[in-house]
Amino acid sequence: MDETKLRSHLQCPVCTFLPHNAKFFACKNGHQICEYCYDKVENCPQGRCQYSFPPTRELVVEQMISEADMKINCQNAGRGCNVELVREDKIDHETECLSRLVPCPDAICQRLVVLSQLDDHQDDGEHDGRPVPHTTEGEEHIFKISYVADIAHRHGDRFYANRSWIEGGFCFYRIIWKKTNFWYTWVTIEASPKRAAMWKYTVKVENKVTGACVETTGPVMPVDWTVKKVMESGFCLTLTSVVIESLIEADPGDYEDRLPLVYTVKKIGS
């Protein structure tokens, strides 16, 4: 059977895609449909047939698509990607695909969002919004961001306003998160794990009055990583509330307690 005919038998009859790693379902009369189109219909579009609950999986179709020696659609086809590629190239594309799902960098939100729609998601009024470009000073591909966190209200779990900035065409996020008696901070880049590996960050917390100082260096986290995965990796600065108290700078003038942080991000690869 030639490729064109095989594709016509395997593709979803609604969107005409052969999405890699997607589920296929069948109605009670055997008409197949991909999971993306199934989520948009109530009855089978090929005959108004009914679906069982849960719907019957077309495992043979899924297996044939996964082993097909022809161009297939990106697994994100149902989310807007129109790229077709052979199986050997799909991994490289799909890890960079702008239509892939990523967790919102906001440690409290963590909602899965299509990467190309992250701007709109962050402009919904419940987030800090998108960053403004940052101008690098000094050595190329090394930049520093100073931030003073107002932590006067530091009891209970809390996520401190996410500050983000743009450098070298990439968007970076500074994350500060308090959970129980521990504080965490790290830097995330709006890019894939492969591109994130090209950057590292250093965060320094210093009370210049008392001389207390804590500093750590680690890899920048890819936007694909959830907070849970960051925690499991250990690549973040973790401080206890006792240590935080020793680093706080009190400001008698405005009655606020502040935590001075300096983030340095450096490109280490190309």
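Trainee: Is I175 buried or exposed, judging by its relative accessibility?

Mentor: This is a predicted model, and in it I175 has a relative accessibility of 0%, so it counts as buried, the cut-off for that word being under 20% relative accessible area. The residue has its place in strand β10.

Trainee: Which residues is I175 in contact with, leaving aside its neighbours within four places in sequence?

Mentor: Its contacts beyond those neighbours are P105, A107, F159, N162, Y184, T185, W186, T188 and Y263. Taking T188 from that list, we find that I175 and T188 are 13 residues apart in sequence, while their C-alpha atoms are 7.6 Å apart in space.

Trainee: How should I read a pair of aromatic rings, and how many aromatic pairs does a search of the whole structure find?

Mentor: The general idea is that a pair of aromatic rings is described by the distance of the centres and the angle of the planes. In this structure the search finds six aromatic pairs. One of them is W165 with F172, whose ring centres are 6.3 Å apart and whose planes meet at 20°, so this pair is stacked, given that planes under 30 degrees apart count as stacked. Both W165 and F172 are buried.

Trainee: What kind of aromatic pair do F170 and W199 form?

Mentor: F170 and W199 are edge-to-face, with 6.3 Å from centre to centre and 75° between the planes. Because F170 lies in strand β10 (residues 170-179) and W199 in strand β12 (residues 199-206), the pair ties together parts that are 29 residues apart in sequence. F170 is buried, with a relative accessible area of 16%, and W199, at 2% relative accessibility, counts as buried too. W165, F170, F172 and W199 form one aromatic cluster.

Trainee: In which sense do β12 and strand β13 pair, and over how many bridges?

Mentor: Strand β12 and strand β13 (residues 213-219) pair in the antiparallel sense, over seven bridges.

Trainee: How many helices and strands does the protein have, and what percentage of its residues count as buried?

Mentor: The protein has eight helices and 17 strands, and 43% of its 270 residues count as buried. Among contacts with a separation of 6 or more, 52% are accounted for by residues 24 or more positions apart. As for the surface, the protein exposes about 14,800 Å², of which carbon and sulfur atoms supply 50%.

How values were computed: Residues numbered from 1 in each chain as written. Predicted model: local features only at pLDDT ≥ 70, side-chain atom pairs only at ≥ 80, totals over all residues. Heavy atoms only, no water. Phe/Tyr/Trp six-rings, centres within 6.5 Å; stacked < 30°, edge-to-face > 60°. Buried < 20%, exposed > 50% of the residue type's maximum accessible area, 1.4 Å probe, protein only. Helix = DSSP H or I, 4+ residues; strand = E, 2+ residues; numbered from the N terminus. Pairing = 2+ DSSP bridges. Contact = heavy atoms within 4.5 Å. Areas by Shrake-Rupley, 256 points an atom, 1.4 Å probe, with all protein chains shown as cover.
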